[in-house]
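Please look at the sequence and the structure below. The questions after it go from helices to pockets and then to single residues.

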Amino acid sequence: KRRIGFLPEVPPLYPTMTVESYIAFAAQLKGVPDAEAATERALDRVGLRDVRGRVIDHLSKGYRQRVGLAQALVHDPDVLILDEPTSGLDPAQRKEIRDLLAELAAGERTVVLSTHVLAEVEAVCERVVIINQGRVIATDSITALANRSHRVRLRVARPSPELPSAIGTIAGVSSVEPDADGSWLVSADRDVREGVAATAVQFGLLELGAGQNLEDVYLQLTAEGQP
């Protein structure tokens, strides 16, 4: 039977308790054999040792999120389920939590992240499940989802008026459009990356990658599912 840990959607219960006493209480509730040792491990794991004696209600939102993670990890779960773990955090706190989640997911533990912030998904996750109106409409790696449309982004060192026509001669390419950031967006009905790369070398190829991010993919897939 796999052990599961949940991160609360709101700051932890019992806000007048200290960090250490709350984690120890959570360990006892979950029947951890050595609650004291488990509490120490959880505090170290999420970087709470320096504030272990602080009252939870006196902590910043970032530290309260860490307290939530500590109670979710105190029984060493095989699966960790997180709902909007960086909601309400400032950019520095979001990065701290993202880095921590990446560390937690690096081992044998499975981390399930539920969020509407797609940039968060791209920064943390390996695989994505997109749900629209209660129905799973896509399950794949982020790279595979981004490459579904065969749209690529091209950046060259020596932009030239001849570039669009040169790329446009490649079989399968339907359009070559400049983007506001100085790159070119190449749309095609098949995988044209090899041909685009070979042609772009003469213009000083700098970068060739997916032409859409996860947000573009999400909007496209959910729009297709609309009546």
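Contact means heavy atoms within 4.5 Å. Helices (H or I, at least four residues) and strands (E, at least two) are DSSP runs, numbered from the N terminus. This is a predicted model, in which local features need pLDDT of at least 70 and side-chain atom pairs count only at pLDDT 80 or more, while totals for chains, interfaces and linings use all residues. Residues are numbered from 1 along each chain as its sequence is written, and side-chain values use heavy atoms, with hydrogens and water left out.

Q: Which elements do the buried residues of α8 pack against?
A: Buried means under 20% relative accessible area, exposed over 50%, and partly exposed in between (1.4 Å probe, protein chains only). In α8, residues 193-200, the buried residues are Val196, Ala197, Thr199 and Ala200. They lie on the same side of α8 because they cover an arc of only 170 degrees around the axis, the arc being that of the directions from the helix axis to the C-beta atoms. The elements they pack against are β6 (152-156), α7 (162-168), β8 (184-188) and β9 (205-210).

Q: Which residues does Thr199 contact, leaving aside its neighbours within four places in sequence?
A: Thr199 is in helix α8. Its relative accessible area is 17%, so Thr199 is buried. With those neighbours left aside, its contacts are Ala166, Ile167 and Ile170.

Q: Is Ala198 buried or exposed?
A: Ala198 also belongs to helix α8. The face turned away from the buried side of α8 carries Glu194 and Ala198. The relative accessibility of Ala198 is 59%, so it counts as exposed.

Q: Which residues are exposed on the other side of α1?
A: The buried residues of α1, residues 19-29, are Val19, Tyr22, Ile23, Ala26 and Ala27. Their arc around the axis is only 140 degrees, so they are on the same side of α1. What covers them includes α2 (35-45) and α3 (61-73). On the other side, the exposed residues are Gln28 and Leu29.

Q: What is the phi of Gly31, the residue that follows α1?
A: Helix α1 ends at residue 29, and Gly31 comes after it. The phi of Gly31 is positive, near 70 degrees.

Q: What volume does the largest pocket have?
A: On a 1 Å grid over the protein atoms alone, a cavity is a set of points where a 1.4 Å probe fits but cannot get out, and a pocket is an open set with protein on both sides within 12 Å along at least five of seven lines; lining residues have an atom within 4 Å of a point. Grid points are joined across faces, edges and corners, and a volume is the space filled by probe spheres set on the points. For the largest pocket, that volume is about 820 Å³.

Q: How many nonpolar residues are in the lining of the largest pocket?
A: The lining has 24 residues, and Leu113, Cys125, Arg127, Val128 and Val129 lie nearest the centre of the pocket. Ala, Val, Leu, Ile, Met, Phe, Trp, Tyr, Cys and Pro count as nonpolar, Asp, Glu, Lys and Arg as charged, and the others, Gly among them, as polar. By these classes, 4 lining residues are polar and 3 charged, and the nonpolar ones number 17.

Q: Which helix gives the most residues to the lining of the second largest pocket?
A: The second largest pocket holds about 170 Å³ of space. Its lining includes Ala38, Arg41, Asp76 and Arg109. By class, this lining has 6 nonpolar, 1 polar and 4 charged residues. The element that gives the most, with 4 residues, is α2.

Q: What is the phi of Asp76?
A: Asp76 sits in the loop between α3 and β2 (79-83). At 43% relative accessibility, Asp76 counts as partly exposed. Asp76 is a residue other than glycine, yet its phi is positive, near 55 degrees.

Q: Which side chain does the side chain of Ser160 join in a polar contact of 2.3 Å?
A: Ser160 is in the loop between β6 and α7, and at 15% relative accessibility it counts as buried. A polar contact is a pair of N or O atoms within 3.5 Å; within protein, one must be able to donate a hydrogen and the other to accept it, and residues adjacent in sequence count only if both atoms are side-chain atoms. The partner of Ser160 in this contact is Glu162.
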